[in-house]
Structures are given as structure tokens and as C-alpha cells.
Amino acid sequence: MDEPSRRTVLAAGAAAVAAVAGCSTYGEPQQAPASSAPAGTAIAKTGDIPVGGGVVIGDSQVVITQPTAGTFKAFTSVCTHQQCQVAGVSGGTINCDCHGSKYDINDGSVVKDPAPQPLAAKRITVSGDSIQLA
């Protein structure tokens with residue numbers, strides 16, 4: 001009985017690994033943007049932020065929420081689990097699609113693991129209908 005050569009076994013194994021790697025996207029860290037906007041930069045309009053929800057502003061690495069009418073909060077948009085960019089805000093939470101972490105829109109605290117820490121708060125100012133980084 002002929003046995004496959006070492007080269008044949010290694011080539012088959014490498015092909016199998018490449019096929020599996022090419023098919024997987026869930027759970028892989030997505031790199032957050034490299035830099036955030038400088039202080040004083042207008043990053044959103046108040047009318048863009050839904051009451052009870054929020055908006056991810058990826059270029060600025062910020063997620064802005066409006067837990068109650070007229071109250072605006074801001075947090076880093078980089079998940080504390082594996083530094084993925086959070087995907088969106090819905091159902092009262094800031095949601096990361098990489099591994100399912102969820103954060104509270106009021107204070108950035110972890111609502112659902114695997115995130116090990118809350119999202120860091122960002123300072124913002126609201127002037128008229130403009131939201132700026134402080």
C-alpha cells in the first residue's frame with residue numbers, strides 16, 4: 001500500500017487551512033480607524049442622533065448617544081474586547097458585531113460580554129444643533 005509523501009500531506013493541509021480561513025469573517029477583529037478628530041471639531045448634528053439610540057462616527061472613533069431627549073453622551077467607538085469598531089446602536093445598547101459585546105447607551109458600561117471594560121467616555125459640547133469634541 002502506497003502512503004502519501006510528506007509534501008503531499010503538507011500541501012493538502014495548507015489548502016484546507018486556506019479554505020477555512022477564507023470562509024471565516026465572524027469574530028475577526030476589524031481595525032478601528034487610525035486617528036480621531038481633534039478637539040473643537042464638529043462631528044454631528046443633534047438631529048442626527050435619535051432619542052433612545054445613537055450614531056457611530058467611525059472617522060472620529062466616537063459613538064454619540066441620546067438616552068433621553070436633549071441629553072447627549074459620547075464614548076469611544078473602539079470595543080474594549082479586541083479593539084473592533086462598534087457597529088451600531090439599537091435597543092438601548094451600543095453593539096459590537098465582532099464577538100457580540102454590548103454597552104449601555106447611558107454610561108458605556110458592559111451589558112453583554114465578552115467586553116472586559118466599559119467604553120471610555122469622550123467629552124463633547126453641544127452648541128445649537130452642533131455636537132463637537134471637547
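Biologist: What makes Asp129 and Lys45 a salt bridge?

Modeller: Keep in mind that this is a predicted model. The closest N and O atoms of Asp129 and Lys45 are 3.8 Å apart; the cut-off is 4 Å between a Lys or Arg side-chain nitrogen and an Asp or Glu carboxyl oxygen, so the pair qualifies. A search of the whole structure turns up 1 salt bridge.

Biologist: Which parts does the pair tie together?

Modeller: Asp129 sits in the loop between β9 and β10, while Lys45 belongs to strand β1, so the link joins parts 84 residues apart in sequence.

Biologist: Which residues have the most contacts inside the largest nonpolar core?

Modeller: That core has 13 residues, and the ones with the most contacts inside it are Val63, Val86, Ile94, Cys96, Tyr103 and Leu119. Beyond its neighbours within four places in sequence, Cys96 touches Cys79, Cys84, Gln85, Val86, Ala87 and Ser101. There's also a second, separate core of 11 residues, including Ile49 and Phe72.

Biologist: How do you know where pLDDT stays under 50?

Modeller: It's computed per residue, and the stretch is 13–35. For the protein chain, the mean is 82, with 72% of residues at 70 or more.

Definitions and conventions: Residues numbered from 1 in each chain as written. Predicted model: local features only at pLDDT ≥ 70, side-chain atom pairs only at ≥ 80, totals over all residues. Heavy atoms only, no water. pLDDT = per-residue confidence, 0-100. Contact = heavy atoms within 4.5 Å. Helix = DSSP H or I, 4+ residues; strand = E, 2+ residues; numbered from the N terminus. Core = buried A, V, L, I, M, F, W, Y, C linked by side-chain atoms within 4.5 Å. Buried < 20%, exposed > 50% of the residue type's maximum accessible area, 1.4 Å probe, protein only.
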